[in-house]
Structure formats: C-alpha cells, structure tokens
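Open the model in your viewer, with the sequence panel beside it. The stops below say what to select and what is there.

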Amino acid sequence: MLNMIVNDVGAQLRKGVVEFCVLGCLERDPMYGWQLSENLIGEGMIASIGTLYPVLARLREKGLVSSFDEPSERGPARRYYRLTQNGTAQLSTFRKQWKPLAAKVAAIVGEDSAND
Amino acid sequence: MIEQTSEVVTNYLNELNDALHDVEAAVRRDIVNGVREELHGLEPREAQRRIADLGDPAFIASEASEGLPLASAHASPVPSREGVGYTVVATLLVALGGVIVPVLGWLAGLVMIWLSRQWWRWEKIVATLGPAAVVALVLALVFLLSRSQERGAVVNPLIPVLYDSWWSGGLLLILCNLIVGMWLLWRAQRTSRPVA
C-alpha cells in the first residue's frame with residue numbers, strides 16, 4: 001500500500017513535467033518517435049512508446065511541436081518532430097519557473113530524515 | 001531470413017494495431033507507423049530484440065489509453081494477463097471440452113481463447129481451424145483411396161470404408177483438439193509475446 005502511494009507520487013510528478021521534457025529533447029535536435037521514446041524511457045520519464053505519442057499529439061495540438069517526414073536509408077520515411085517558436089517560448093517560460101518552484105517545494109517539504 | 005523478419009514484424013504490428021483499438025485513431029496511426037519505421041528492414045534477431053524492448057502491445061495500448069506516465073518507472077513492462085486458472089480452463093476446454101459436452105464444450109474453449117490476450121491471433125486461428133483442417137484432409141485422402149479401391153481389383157483391408165471414416169474422423173478430431181489444447185497451454189507459458 002505504501003509503495004503504491006510512493007509510486008503514485010512519482011507518476012504525478014512525471015505527468016506534470018513530461019511534456020516539457022519532450023520539448024527539452026526536441027530543442028536540441030528534431031527527433032523521430034523512437035529516438036524520443038528511447039531517451040525518455042532511459043531517463044525513467046515514460047514507461048513505453050505508448051505514453052509518448054499521446055503527449056506528442058497534445059503538443060502538436062497546442063502548436064508547440066510540428067512534424068515533418070524525412071527519407072530513411074532503411075525504408076519508409078521517418079516522421080520527425082521539432083519545436084515550433086511557441087514551443088521554444090513555452091520551454092523558456094518553464095525553465096524560468098521550474099528552478100524557483102523546485103527550490104520553494106524543497107524548502108517547504110524539507111529533507112527526508114528517514115534517509116539520514 | 002528477410003521473409004521471417006517481415007512475418008515477425010507484421011505479426012507484431014497487427015497485434016499492436018489490434019491492441020490500440022480503443023485509442024484515438026490519429027494517435028493509433030502515429031504509434032503503429034512509428035514502430036513500423038523503426039522495425040522495417042531489420043535482420044530477424046535485431047527485429048526481435050527491438051520488439052522485446054518495445055514490450056507487450058497490450059501494455060503499450062494501456063499506456064496510450066491513459067496518456068499518462070507509468071505509475072511506477074520500475075513496474076514490469078509486461079502487464080499481468082488473465083490468471084493461470086483462465087488459461088488452464090480455456091486450454092482444457094479446447095482439449096477435452098468437446099468430449100465432455102460435444103461441440104459446445106469445444107466452442108466454449110475457443111471463445112475463451114479468442115477473448116484472451118494470451119495468444120497471438122495466428123495461434124487462435126490455428127486452434128480454431130487446425131483440427132478441422134487435419135480431419136478434412138485425412139477424410140479426403142480416405143475418400144480418394146476408397147474410390148480407387150472400388151475401381152481397382154485389389155482390396156486393401158487397411159483402408160477403411162467411408163462408414164468407418166466418420167468414426168475415425170471423430171476420433172482424429174478429438175486427438176487433434178487434445179494436441180492443440182496442450183500446444184496452447186505450452187504457448188501460454190511464455191513470459192513475453194512471441195516474436196517468431
């Protein structure tokens with residue numbers, strides 16, 4: 001039961017920031033779905049490629065991300081995703097707010113004495 | 001080898017597409033196309049490795065349906081399926097249901113198999129059509145042999161007449177279903193989706 005609550009906290013935190021993590025990845029370079037998925041799974045932000053595409057769909061709907069097809073050496077064209085100007089602006093806003101917010105939260109909740 | 005790759009990939013993509021039936025059409029298309037792009041043209045071993053990395057289509061579908069990160073990053077990538085009891089009952093009904101309750105028992109087993117995500121679609125098709133196909137083939141052979149007997153002078157006592165064939169066919173059907181039931185049970189023991 002305790003584990004479920006702890007896992008739920010982690011899920012809620014990831015849910016809140018995963019869109020910005022996608023924006024952050026795409027700011028460096030346009031990426032295709034699999035690439036993005038591997039990065040985010042590797043960082044423990046998403047569990048599978050199934051989580052990624054609904055996020056990409058939402059970002060595209062909001063105009064923060066756009067897609068384009070690029071020929072691939074192996075076969076069908078790959079669909080790449082890149083940041084739009086709005087996406088860049090949104091990411092910048094997030095960065096400005098994230099650090100102060102994280103610092104405030106840390107100050108409020110304090111450190112876990114159980115791990116000391 | 002390339003054909004085998006295509007089959008492996010095609011089977012996986014079909015399973016994925018089926019599993020995503022409740023997901024918004026555009027997202028479903030993006031996911032399937034995204035996976036297809038990555039798996040296209042890979043050698044079988046590499047395709048299998050990537051499919052194993054991707055995980056169970058049902059798990060991907062549940063994630064896509066929720067549109068949320070996983071409750072726990074440490075959770076197993078393979079979702080729990082029906083319980084062992086369900087699997088055993090379904091395979092037993094396929095194997096012996098027709099003997100206990102003629103036709104209906106076997107049909108009940110097949111319905112359970114088709115409702116389950118435990119097996120690939122091709123496995124379900126084999127379980128449904130395989131026994132009948134084998135019996136039909138054997139009966140056709142017997143029929144042809146018995147006709148040649150009528151025309152020829154020599155009577156082979158080892159070749160059954162048509163009346164016997166129906167009984168033999170019935171017994172063969174029971175035997176085939178028994179084998180298919182055991183095969184389904186064996187296939188259900190996998191810890192991940194089949195890739196070949």
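Select E63(B), which lies in helix α4 of chain B; helices here are DSSP runs of H or I with at least four residues, and strands are runs of E with at least two, both numbered from the N terminus. This is a predicted model, in which local features need pLDDT of at least 70, side-chain atom pairs count only at pLDDT 80 or more, and totals for chains, interfaces and linings use all residues. Residues are numbered from 1 along each chain as its sequence is written, while chains are lettered from A and ligands numbered from 1 in the order in which they are written.

Is E63(B) buried or exposed? E63(B) counts as buried because it has 26 C-beta neighbours inside 10 Å. The cut-offs are 20 or more other C-beta atoms within 10 Å for buried, 12 or fewer for exposed, and anything in between for partly exposed, with C-beta atoms placed from the backbone.

Next, select helix α3 of chain B, residues 44-54. Its buried residues are A47(B), Q48(B), I51(B) and L54(B). Looking down the axis of α3(B), these buried residues fall within an arc of 120°, so they line one face of the helix; the arc is that of the directions from the helix axis to the C-beta atoms. An α-helix has 3.6 residues a turn, so residues three or four places apart point the same way. Turn to the other side of α3(B) to find R45(B) and E46(B), which are exposed. Following α3(B) is G55(B), with a positive phi near 95°.

Move on to G105(B), in helix α6 of chain B, residues 104-115. G105(B) is partly exposed, because 18 other C-beta atoms lie within 10 Å. Leaving aside residues up to four places away in sequence, G105(B) touches L93(B), G97(B), G98(B) and I100(B); contact means C-beta atoms, placed from the backbone, within 7 Å. A95(B) is ten residues from G105(B) along the chain, and their C-alpha atoms are 9.4 Å apart.

Now show both chains. How many residues of chain B are in contact with chain A? There are 28, and they meet 27 residues of chain A. On the chain B side, the elements giving two or more residues are α2 (25-39) and α4 (57-66). The largest share, ten residues, comes from α2(B).

Select α2(B) together with helix α3 of chain A, residues 49-61. They pack at an angle of about 125°, with axes 9 Å apart. Axes are lines fitted to C-alpha atoms, for helices over the stretch in contact, and angles run from 0 to 180 degrees between N-to-C directions. The angle makes α3(A) oblique to α2(B); under 35 degrees counts as roughly parallel, over 145 as roughly antiparallel, 65 to 115 as roughly perpendicular, and the rest as oblique. From α3(A), the contact uses I49(A), G50(A), Y53(A), P54(A) and A57(A); from α2(B), it uses A26(B), V27(B), D30(B), I31(B), G34(B) and V35(B).

Conventions: Contact = placed C-beta atoms within 7 Å.
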